[in-house]
Amino acid sequence: MEITFSKKALPKRGSVIVLITEGDHDSDLVDELDTASDGLLRKAIKTESFKGQKGKILKVVPGASSNLERIILYGVGKVADLTPLKVEHLGGGIVANGLGKNVKSLTVLTPHIEHKDLGDADFAAHFGVGLYLRDYAFDRYKTKLKPEDKSKLTKVAIGTDAAAGARRKFAVQQSVADGVFLTRDLVSEPANVLFPEELANRASELSDLGVDVQVLGEKQMTKLGMGSLLGVGQGSARESKLVIMNWKGATKAKAKTLALVGKGVTFDTGGISLKPAGGMEQMKWDMGGAGAVVGAMHALAARKAKANVVGIVGLVENMPGANAQRPGDVVTSMSGQTIEVINTDAEGRLVLADALWYVQEKHKPDCIVDLATLTGAILVSLGHEFGGLFSNNDDLSGQLTQAGESVGDLLWRMPMGDAYDKMINSQIADMKNVGGRNGGSITAAQFLARFIQNDTPWAHLDIAGMAWSDKDLPTAPKGGTGFGVRLLDKLIADHFE
Ligand code: BES
Ligand code: MN
Ligand code: ZN
């Protein structure tokens, strides 16, 4: 979809959507439209008690004398209640309510508002972003889709009194949204298409944007001693990969380096500790953490972020088979620490252990954020409303929580501590990969913490409940959500640039 911004004016033809803040249904603009509709609009406003209530929609088809196809009033609600995120949700509502269906050209006229954190340019830009994000579809494998079944909306003109500012702000956020789309694509791809090498290939395309991308295969990882990651992939016919994406956009010499680390299990059968059949197909998106990291790197490079960020994703397929690792096996991680693999289905932490160690050894980051669809237990705790946040650092936790709140990728901090750490001590190795039934997301986080050097500020985001949605969301259709991309982008914009 192409979104353009221009000075607010009534279009000559096509459909026009007019955003009305609560109580502002008596404006000159409404008068003008009423005339264009031979008085139909005012009549409809009265009949339907339309006052600009939030989310309320009023459609009028003007008479034969008008060139306008449709006049739609769309309620914004009270100005004081608005936030940038709520404006994005309104934008998404255009698609969710099918207001652009069967329409050749669409003009949206945005209101002038007086609001402490939202100017007219912000309003128009955020509205456009929400619309753009919600209009996504993954229909690559739908061979029978007729053109009329696809969203016909190809062009939306947004009218605003601050067109230049809106255009500038929107362009930046569109780059970020394209990162979200990349993540959604990766998460939606089936595992026969997107296996470790293919994900590595897609990540390699970031080099077109100026990201330095390096791909390590099994031979190199063996040399590095990554027995933990390699053990997970050893039952698969597909080669495991480690992808390192480096974006050096900082202009200051003293700029901090942030490492983003992602779990990329392109399919998780559970391995020899095989998962039950029901719902196993969902495990194609067990690379959602890696997907978010690749999407975030795209966003940063596309908007030329002035920050130094290294993204690293551990890519494996967890399969049973003659060569698969067994429960009880002991593996040696790159850190030298040994791990007793009690359950081959607790594989994500094994992948992250070596990816975390590698990035610290090679890139000495000042701060680390990892993302992983790590545990089913986080769904028991938080459902699909919040990602789990685990951290050794209060400042970083606060920054992440706040960034998430402002873009709608919500996080809830969970506890950590020695008592939980003890639960993963092993009888025969340095640690075991599961801590028992209780506190499963926390013991998983404690496992990762054992691979963080010198108390480097670190946060682990368990996004098992957030990477995929079975229902439509305000700015995402059901499917891969792209959770994490906007959150990371915002964290970096606010604290690393
Ligand atoms: N990939 C799963 C976690 C998961 C579950 C993600 C549901 C998305 C939705 C992970 O590898 C896993 O299997 N975890 C086990 C850990 C257990 C064996 C300690 C789990 O959560 O059951
Ligand atoms: Mn698993
Ligand atoms: Zn998994």
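Visitor: In this predicted model, what are the protein donors of the manganese ion (ligand 2)?
Guide: The model is a prediction. The protein donors of the manganese ion (ligand 2) lie 2.1 to 2.2 Å from the metal. They are Asp268 (OD), Asp345 (O), Asp345 (OD) and Glu347 (OE).

Visitor: Which arrangement do the six donor atoms around the manganese ion (ligand 2) form?
Guide: Six donors count as octahedral if opposite donors are over 155 degrees apart and all others between 65 and 115. Around the manganese ion (ligand 2), the six donor atoms subtend angles of 70 to 167°, and the arrangement is therefore irregular.

Visitor: How many residues apart in sequence are the parts tied together by Asp268 and Asp345?
Guide: The donor residues of the manganese ion (ligand 2) follow the spacing D-x76-D-x1-E. Asp268 belongs to strand E9 (residues 257-268), whereas Asp345 sits in the loop between strand E12 (338-341) and helix H10 (348-363). The pair therefore ties together parts whose separation in sequence is 77 residues.

Visitor: Which residue coordinates both the manganese ion (ligand 2) and the zinc ion (ligand 3)?
Guide: The two metal ions are 3.1 Å apart.

Visitor: Is Asp345 buried, partly exposed or exposed?
Guide: Buried means under 20% relative accessible area and exposed means over 50%, with partly exposed in between. Lys263 is buried at 2% relative accessibility, and Asp268 is likewise buried at 2%. Asp345 has a relative accessibility of 23%, so this residue counts as partly exposed.

Visitor: How many residues of E9 are buried?
Guide: Strand E9 spans residues 257-268 and contains Asp268. E9 is mostly covered, and the number of its twelve residues that are buried is twelve.

Visitor: Which residue in E13 is the bridge partner of Gly262?
Guide: E9 runs parallel to strand E10 (residues 308-318), joined by eleven bridges, and Gly262 stands opposite Val313 in E10. E9 also pairs in the parallel sense with strand E13 (residues 367-372), over five bridges. In E13, the bridge partner of Gly262 is Leu371.

Visitor: Which helix joins E9 and E10 in making a β-α-β unit?
Guide: The two strands run parallel. The β-α-β unit they make is right-handed, and its helix, residues 288-302, is H9.

Visitor: What is the phi of Lys304?
Guide: Lys304 lies in the loop between H9 and E10 and is exposed, with a relative accessible area of 61%. Most residues other than glycine have a negative phi. Lys304 is not a glycine, yet its phi is positive, at about 50°.

Visitor: What is the phi of Asp455?
Guide: Asp455 is found in the loop between helix H14 (440-449) and strand E17 (458-462). Asp455 is exposed, with a relative accessible area of 69%. Although Asp455 is not a glycine, its phi is positive, at about 55°.

Visitor: Is Arg134 buried or exposed?
Guide: Arg134 is found in helix H4 (residues 120-134). Residues touched by Arg134 include Gly92, Val95, Asp472 and Pro477. With a relative accessibility of 7%, Arg134 counts as buried.

Note on methods
Residues numbered from 1 in each chain as written. Chains lettered and ligands numbered in written order. Predicted model: local features only at pLDDT ≥ 70, side-chain atom pairs only at ≥ 80, totals over all residues. Heavy atoms only, no water. Buried < 20%, exposed > 50% of the residue type's maximum accessible area, 1.4 Å probe, protein only. Helix = DSSP H or I, 4+ residues; strand = E, 2+ residues; numbered from the N terminus. Contact = heavy atoms within 4.5 Å. Donors = N, O, S within 2.8 Å, 3.2 Å for Na, K, Ca; no water. Tetrahedral: all angles 85-135°; square planar, octahedral: opposite > 155°, others 65-115°. Pairing = 2+ DSSP bridges. Right-handed = clockwise from strand over helix to strand, strands pointing away. Lists of a residue's contacts leave out its neighbours within four places in sequence.
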